Amino acid sequence: MEAPSAGRVGLRSRSPRAPLALGWPLPTAALCAYGFFANLRPSEPFLTPYLLGPDKNLTETQVFNEIYPVWTYSYLVLLFPVFLATDFLRYKPVILLQGLSLIVTWFMLLYAKGLLAIQFLEFFYGLVTATEIAYYSYIYSVVDLNLYQKVTSYCRSAALVGYTVGSVSGQILVSVVGWSFFVLNVVSLTSVSVAFAVAWFLPMPQKSLFFHHHHSHAQEQKVDIGKVIKELWQDFLQCYSSRTLLCWSVWWALSTCGYFQVVNYTQGLWEKVQPSQTSEIYNGGVEAASTLLGAVAVFGAGHVKISWATWGEIVLAMFSLLIAAAVYIMDTIRNIWVCYTSYVVFRIVYMLLITVATFQIATNLSVERYALVFGVNTFIALALQTLLTLIVVDARGLGLDIFTQFMIYAGYFAVISVIFFISGTCSIIANYRRKERRRRNNTTENGA
């Protein structure tokens, strides 16, 4: 990421952040090690079969309509206070909190019994996902600006590799070695415990993006809290006044809402199509394949040359339609291999588009404002997901079965496609008319 310039949207000058005396390799290596072990969870692709199996003996209605929704609600409630606390506490304490929450989550997966206990577990998992922002923003406080792109790629790659290794090892341990889901959870607990231990070796940052961008006394920091929140609100208004940023942010929020829903309940759909108690399942292999192929697509996206300002909305519309088709096929053609393939396509397309959206949003923003936009977009996505979950999934709402849910999710992405197709078509027509008016004006001036 190149240094922010005066031409970037709404850039406010910040005091320069000096790196720690230890330099960038040590904190980067420690953070990457934490990210790898925190995501190396071989039991995660088999969570739904584990909860429905003899270890927990929960019903489908309890798992899909009463337990999984708790994660959505917890994530939404915790996101904003965690966002502020992460910056105010300077990242490391929140990373430690995430590591501890991971340990509590997997310990409860092993030993907690009953509906209420598993719902409480989901709250802790919501805390895990809410605190993830600390992992991705910590490194910006301890390295020079010209190293942002390099260290970001290292940290994201570490998390990606950890997740992939976890999925592959989980599949091998289940299909080849014959280990139970319970033992996989023991391995996951061991891995996240290692991550928690590694987190203690992270150097404590002296500065942060918002609250601690210069040294101040404790009394001054109390005043700064109100000032920072006011600045964040002003930044919010200014950032979203840009039509381009607003367009990509709307797609980000809408699609991420749908993505979370599909990913959260896909294991449930697979379980209905091919029950794990009577058949061999390959959830771990599918998760690993979709992650790796998605990473390849993301890499390729960086080399695509297209005028996103002109064709961006149409591209979003077309690929959103492809996502809708993948979800629809997954839901209606109830063959497990078709479900697996459709899921891989779904994840590849989403990862590709979210990468493009991230780049389009980040191009014209400072690091501080990118963090704000990322937080706001994620919060909106979670708010929409909460509404969707409350109406469609929650037992207190409609409490629909898993196949009807996925039909609604397919329709949801189809609506997104229509919205952006109409918006993109109108933008192209408006741009064409502006060019025609300029051409006629130039012709008239030349004739005069």
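Which residues form a nonpolar patch on the surface? In this predicted model, the patch consists of V168, I172, V176, V177, W179 and V183. Together these residues have about 490 Å² of accessible area. Helix α7, residues 148-177, supplies the largest share of the patch, with four residues. V177 is one of the residues that form the patch, and V177 lies in helix α7. Its relative accessibility is 45%. V177 therefore counts as partly exposed, since that class covers values between 20% and 50%.

R440 belongs to helix α15, which spans residues 402-447. The relative accessibility of R440 is 45%, so R440 counts as partly exposed.

Charged side chains were examined next. Side chains of opposite charge can pair when their charged atoms come close. How many salt bridges does a search of the whole structure find? The search finds five. Three of these pairs are described here, starting with R41 and E44.

The side chains of R41 and E44 meet in a salt bridge with an N to O distance of 2.8 Å. Both R41 and E44 are buried.

A salt bridge also joins the side chains of R243 and E313, at 3.3 Å from N to O. R243 lies in helix α10 and E313 in helix α12, residues 308-332, so this pair ties together parts that are 70 residues apart in sequence. Are R243 and E313 buried or partly exposed? R243 has 48% relative accessibility and so counts as partly exposed. E313 has 8% and so counts as buried, a class that takes in values under 20%.

R347 forms a salt bridge with E287. The closest N and O atoms of this pair are 3.3 Å apart. R347 lies in helix α13, residues 336-362, and E287 lies in helix α11, residues 283-301. The pair therefore ties together parts that are 60 residues apart in sequence. Both R347 and E287 are buried.

Polar contacts between side chains were considered as well. Q261 sits in helix α10, which covers residues 243-273. The relative accessibility of Q261 is 0%, so Q261 counts as buried. Which side chain is joined to that of Q261 by a polar contact? The partner is Q385, and the contact is 2.9 Å.

S188 is found in helix α8, residues 181-199. S188 likewise counts as buried, because its relative accessibility is 0%. A polar contact of 2.8 Å joins the side chain of S188 to that of S43.

With 0% relative accessibility, I67 counts as buried. How many residues separate I67 and A395 along the chain? The two are 328 residues apart along the chain. Their C-alpha atoms are separated by 9.8 Å.

Backbone angles were the last topic. Most residues other than glycine have a negative phi. Which phi values are found at R90 and Y91? Phi of R90 is near 65°, a positive value in a residue other than glycine. Phi of Y91 is near 70°, again a positive value in a residue other than glycine. R90 is placed in the loop between α3, residues 60-88, and α4, residues 92-111. Y91 is found in the loop between α3 and α4. The cover of each side differs in class. R90 has 24% relative accessibility and so counts as partly exposed. Y91 has a relative accessible area of 1% and is therefore buried.

How values were computed:
Residues numbered from 1 in each chain as written. Predicted model: local features only at pLDDT ≥ 70, side-chain atom pairs only at ≥ 80, totals over all residues. Heavy atoms only, no water. Helix = DSSP H or I, 4+ residues; strand = E, 2+ residues; numbered from the N terminus. Buried < 20%, exposed > 50% of the residue type's maximum accessible area, 1.4 Å probe, protein only. Polar contact = N/O pair within 3.5 Å; in protein donor to acceptor, adjacent residues only side chain to side chain. Patch = residues over 30% accessible without salt bridge, like charges linked within 9 Å, V, L, I, M, F, W, Y side chains within 5 Å. Areas by Shrake-Rupley, 256 points an atom, 1.4 Å probe, with all protein chains shown as cover. Salt bridge = Lys/Arg side-chain N within 4 Å of Asp/Glu carboxyl O.
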